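Morning, everyone. I will take a few minutes to walk through one structure, so please have a look at it first.

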Amino acid sequence: MAYISSKANRWYCAQEIAYGQIPAITATNRIPAVKLTAQQQRAKSQRKDKTGSRTWAGMPSGMRRQTTFDLTSYMMDWPDTTTFPSQGPLVQAAMGGAPVLWAGGTAAAGGDAKNIKFAAPHGLAVGQAITFNGEIRFVATVTDASTVALNAPFSTAPVATNTIGPTAVYNLASELPSVSLFDYWDPSTAVQRVLSGSAVDKMSVNLNGDFHEFEFKGSAQDIIDSVSFAASQGGATAFPAEPPAVAFNYSPVPGNLGQVWLGAVPNQFFTVSAASVDISNNLSTRANEFGSILPQAISPGVREVQVTLELFGQDDAATLALYHAARMQAPMTVMFQLGQLNGQLLGIFMPSLVPDVPQFDDTENRLKWKFSDTRAQGTIDNEIVVAFG
């Protein structure tokens, strides 16, 4: 009998209607597999009874279970813009807010690169995103029913009849939904798994790697497998079968492609060498209540949205303005664009962030500035917006 290849693996993700209840999935729920680590442990309790020996007698069945996971997935293209991206449920699990799908529009005459006029009412709200010519931007102000002002200008201004592309926007919310992660393997007789009640405690996006990747870490209610499955686990009567196989062709997005816009008056920076964005929910679960082996609900704590940024120091006005903002503790905006083709874009926008004074790193031939763990701020659930385009 041959070993099981680690390449013979397929993942699916779908939002749960209720915590720990496995939802139905289709082929459209599949996401690119890079790495999934899941671990379930029994609670470490100490037996204090005297047995007449130094031998550990073991623990009884029925102890509380603690399940954690760490998932890394490539950012993939978004070919069907009439439905939400397949990785959307994981992003929503990290952020909380219900996603908003915008179908796109047509530009009208009279606008410019930052003030976009539409030929018909746009239906956009502040914080939503639009795309044009391989770029994504966020709505900073709704001027009127047919005009919006953007957080940063497009490289070229749309003209009449140009198509403004669709987006799927994910916002923050106080409560978090849960997802089920489906882990299928070949051959079909191997152990298949579902992580039910998966709650995302931390979502990370790193820039300037080989490919743009998402990392999601958190806890799950249970690991349900095809070998030990019993009816009613995860609310299912039978272990969920994998959807019929279809072609899964996608394009990972090169990690060096994108844009960075920084500043109170945003400027595009071409000197960023590394950056990361982390959303931490300080998550806990209702796992210590009498009468239950498994967690019963998600309980998010105070949210932390942090940015780490490295760039080459220069003496131009835009770079000096960053240092001045840090010294004066003045808020600025931050926007990252990942990708450079419509259908392969991800936008991350933080409207208010006060940087600390950067560390000067002179270990290499060129001076680098390092802004470490700078925390975004806001009023109510508006520290960050994420959009696919």
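What percentage of the 389 residues of the protein count as buried? The figure is 48%. Keep in mind throughout that this is a predicted model.

Let me start with the overall make-up. The protein has 27 strands and two helices. Its radius of gyration is 24 Å, close to the 21 Å that the globule rule gives for 389 residues, so the protein is as compact as a globular protein of that length. Along the principal axes, the C-alpha trace spans about 80 × 50 × 40 Å.

Now the sheets. One of them is an open sheet of seven strands, in the order E5-E12-E27-E24-E23-E17-E18, with antiparallel pairing. Strand E5, residues 100-102, and strand E18, residues 267-268, stand at the edges; each has a single partner strand, so one side of each is left without a neighbour in the sheet. Inside that order, E23 (residues 332-338) and E24 (residues 346-353) run antiparallel and are joined by six bridges. If you want a pair to find on the screen, Met332 has Leu353 in E24 as its bridge partner.

Another open sheet has four strands, in the order E7-E10-E9-E8, and here too the pairing is antiparallel. Its edges are E7 (115-117) and E8 (129-132), each with a single partner strand, so one side of each has no neighbour in the sheet. On average, neighbouring strands of this sheet are turned by 45° against each other, direction ignored. E7 pairs with E10, residues 147-150, over three bridges in the antiparallel sense. Asn115 is the residue that stands opposite Ala149 in E10.

Next, strand E22, residues 304-312. Which of its side chains point to the buried face? They are Val305, Val307, Leu309 and Leu311. E22 pairs with E19 (residues 272-280) over eight bridges, in the antiparallel sense.

How big is its volume? The value is about 510 Å³. The lining takes in 25 residues, and those that lie nearest the centre are Thr28, Thr83, Phe84, Pro85 and Ser86. By type, the lining divides into 14 nonpolar, eight polar and three charged residues. Two elements give two or more residues to this lining, namely strand E1 (9-15) and helix H1 (88-95). H1 gives the most, with three residues.

To finish, a closer look at that helix. How many of the eight residues of H1 are buried? The count is eight, and the helix is described as mostly covered. By name, the buried residues are Gly88, Pro89, Leu90, Val91, Gln92, Ala93, Ala94 and Met95. Just after the helix comes Gly96, which takes a positive phi of about 105°.

Note on methods: Residues numbered from 1 in each chain as written. Predicted model: local features only at pLDDT ≥ 70, side-chain atom pairs only at ≥ 80, totals over all residues. Heavy atoms only, no water. Pairing = 2+ DSSP bridges. Axes fitted to C-alpha atoms, helices over the stretch in contact; angles between N-to-C directions. 1 Å grid on protein atoms, 1.4 Å probe; cavity = no way out; pocket = protein on both sides within 12 Å on 5 of 7 lines; lining within 4 Å. Points joined across faces, edges and corners; volume = space filled by probe spheres on them. Nonpolar A, V, L, I, M, F, W, Y, C, P; charged D, E, K, R; others polar. Buried < 20%, exposed > 50% of the residue type's maximum accessible area, 1.4 Å probe, protein only. Rg over C-alpha atoms; globule rule 2.2 N^0.38 Å.
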